[in-house]
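Subject: Structure handover

Hi,

Here is the structure I promised to pass on. Have a look at it first, and then read on for what turned up.

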Amino acid sequence: MIPYGRQSIDESDIAAVDAVLRSDWLTQGPAVEHFEKAVADYVGASHAIALNSATSALHVACAALGVGLTSRVWTVPNTFVASANCARYCGAQVSFVDINAKTYCLDPQDLALRLEAAARRGELPDVLIAVDFTGQPCDYAAIAELKARYGFRLVEDASHAIGGLYRGQRIGALLVADITVFSFHPVKLVTTGEGGMLLTQDAELARRAQSLRSHGLERHPERLEKPDEGAWYYEQQALGWNYRMTDLQAALGASQIRRLDKFLARRRTLAARYDNLLGSLPLQRPWQHPDGLSSFHLYPILLQDAATRRKVFDRLRGDGIWVQVHYIPVHLQPYYRQFGFKPGDFPVAEAYYARTLSLPLYADLSDADQDRVVAALREALA
């Protein structure tokens with residue numbers, strides 16, 4: 001079977017985890033801080049906080065920004081449900097912005113229209129969660145102008161995008177984003193098994209996030225409400241969660257980060273090969289924004305229509321090629337339909353979903369297996 005994505009594990013990764021297993025710290029030890037520093041240094045962020053999943057990181061991001069029962073949070077339909085669920089965990093009202101038909105990321109023109117209408121109603125969003133779909137960054141110059149005009153905070157859901165660039169700057173350190181989130185699920189570029197990371201240039205947001213990932217506890221003497229009673233003393237100053245990453249996960253992540261540039265180079269080579277090999281087939285290849293450099297977490301194609309997509313999907317799966325569909329629009333999920341969302345609300349995302357198919361793309365995919373994918377796709381489309 002050829003999966004659509006998978007981890008790349010070598011002996012250096014195994015040795016890193018083995019070293020932690022032989023150490024005194026399996027969790028809450030030095031490996032986590034080491035991993036955080038490695039990621040922060042790589043992207044150029046001031047603060048990095050490791051968590052047990054990207055979903056947890058998104059939840060903490062919303063909480064650190066003060067999202068609550070009266071808040072409004074907007075995101076895109078073309079994403080995994082976690083990009084919206086994180087706001088619902090805080091009790092916020094969630095709505096959506098349609099995607100751009102070329103980039104498949106948030107459409108700044110649609111955002112501008114919705115913000116203008118929301119301003120007239122007095123219902124502007126408190127937070128926008130922009131999603132770097134497939135690893136391609138959103139149009140952050142346009143988003144920055146709207147952010148300055150309307151005053152919302154920005155969470156960059158870069159779960160797909162570690163190693164990506166926007167106007168020459170690494171994703172994870174863009175000044176327009178109040179908080180950026182990475183994912184380290186096994187199908188992503190870097191894996192910790194499960195895991196995520198929250199990055200910010202804001203020291204106060206970092207402090208809140210560090211507290212919230214560990215039950216809302218505070219130990220720093222200068223921030224305690226009562227006098228320090230001793231080295232054991234702590235205070236719970238907020239309602240947080242146990243979202244900590246273990247040292248086992250962090251050791252794997254730190255080992256993987258050392259190979260990230262290699263992973264990126266291979267994915268970009270494979271994407272370029274797909275571009276070349278698929279040129280004569282009746283499908284639409286991904287378009288890349290000239291201001292961004294994708295990390296190519298996914299390689300989605302667009303087929304003629306939904307019926308063709310279903311036929312090709314079933315044929316390739318039957319051939320042992322585990323293609324996938326990314327994503328079912330979030331607003332069409334039964335949970336979100338209860339809030340009044342319905343088909344037709346976000347037509348570009350819905351049209352994209354009806355035709356999209358993600359082809360296998362991961363660092364260890366061989367040229368021969370990629371050729372097999374293309375040959376099977378060609379046969380399925382014949």
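Let me begin with the aromatic residues: Phe96, Tyr335, Tyr336, Phe339, Phe341 and Phe346 make up one aromatic cluster. Please keep in mind that this is a predicted model, in which local features need pLDDT of at least 70 and side-chain atom pairs count only at pLDDT 80 or more, while totals for chains, interfaces and linings use all residues. Residues are numbered from 1 along each chain as its sequence is written, and side-chain values use heavy atoms, with hydrogens and water left out.

Aromatic rings and charges

Searching the whole structure gives 15 aromatic pairs. In the pair of tyrosine 335 and phenylalanine 339, the ring centres are 5.3 Å apart and the planes stand at 80°, so this pair is edge-to-face. For the terms: rings of Phe, Tyr and Trp (its six-membered ring) pair if their centres lie within 6.5 Å, and planes under 30 degrees apart count as stacked, over 60 as edge-to-face and the rest as tilted. Tyrosine 335 is partly exposed at 38% relative accessible area, and phenylalanine 339 is partly exposed at 41%. Here buried means under 20% relative accessible area, exposed over 50%, and partly exposed in between (1.4 Å probe, protein chains only).

Two arginines are placed over rings. The charged end of arginine 309 sits over the ring of tyrosine 353, 5.2 Å from its centre, and that of arginine 317 sits over the ring of tryptophan 322, 3.8 Å from its centre. A charge sits over a ring if NZ of Lys or CZ of Arg is within 6 Å of the ring centre and within 35 degrees of the ring normal.

Backbone and strands

Histidine 326 and tyrosine 327 are joined by a cis peptide bond, with omega of about 0°. Tyrosine 327 lies in the loop between β15 (321–322) and α11 (334–337). Helices (H or I, at least four residues) and strands (E, at least two) are DSSP runs, numbered from the N terminus.

Which residues have a positive phi although they are not glycines? Glutamine 28 is one, at about 55°, in the loop between α1 (11–21) and α2 (30–43). Arginine 167 is another, at about 50°; arginine 167 is in the loop between β7 (165–166) and β8 (169–170) and is exposed, with a relative accessible area of 54%.

Strand β6 (residues 153–157) is mostly covered, with four of its five residues buried. Strand β5 (residues 127–131) pairs with β6 in the parallel sense over five bridges, and alanine 130 stands opposite glutamate 156 in β6. Two strands pair if DSSP finds at least two bridges between them.

Valine 190, in the loop between β9 (179–183) and β10 (196–200), counts as buried at 1% relative accessibility. Valine 190 and glycine 253 are 63 residues apart in sequence, yet 6.7 Å apart in space, C-alpha to C-alpha.

Pockets and cavities

The largest pocket has a volume of about 570 Å³. Of its 18 lining residues, Gln28, Gln210, Arg213, Ser214 and Arg244 are the closest to the centre. α2 gives the largest share of this lining, four residues. By class, the lining of the largest pocket has four nonpolar, six polar and eight charged residues.

The second largest pocket, with a volume of about 430 Å³, is lined by 25 residues, of which Phe80, His160, Ser183, Lys188 and Tyr327 lie nearest its centre. Its lining has nine nonpolar, 12 polar and four charged residues.

The whole structure also holds three cavities of 30 Å³ or more. The largest cavity has a volume of about 60 Å³, and its lining divides into six nonpolar, five polar and one charged residue.

On a 1 Å grid over the protein atoms alone, a cavity is a set of points where a 1.4 Å probe fits but cannot get out, and a pocket is an open set with protein on both sides within 12 Å along at least five of seven lines; lining residues have an atom within 4 Å of a point. Grid points are joined across faces, edges and corners, and a volume is the space filled by probe spheres set on the points. Ala, Val, Leu, Ile, Met, Phe, Trp, Tyr, Cys and Pro count as nonpolar, Asp, Glu, Lys and Arg as charged, and the others, Gly among them, as polar.

Best wishes
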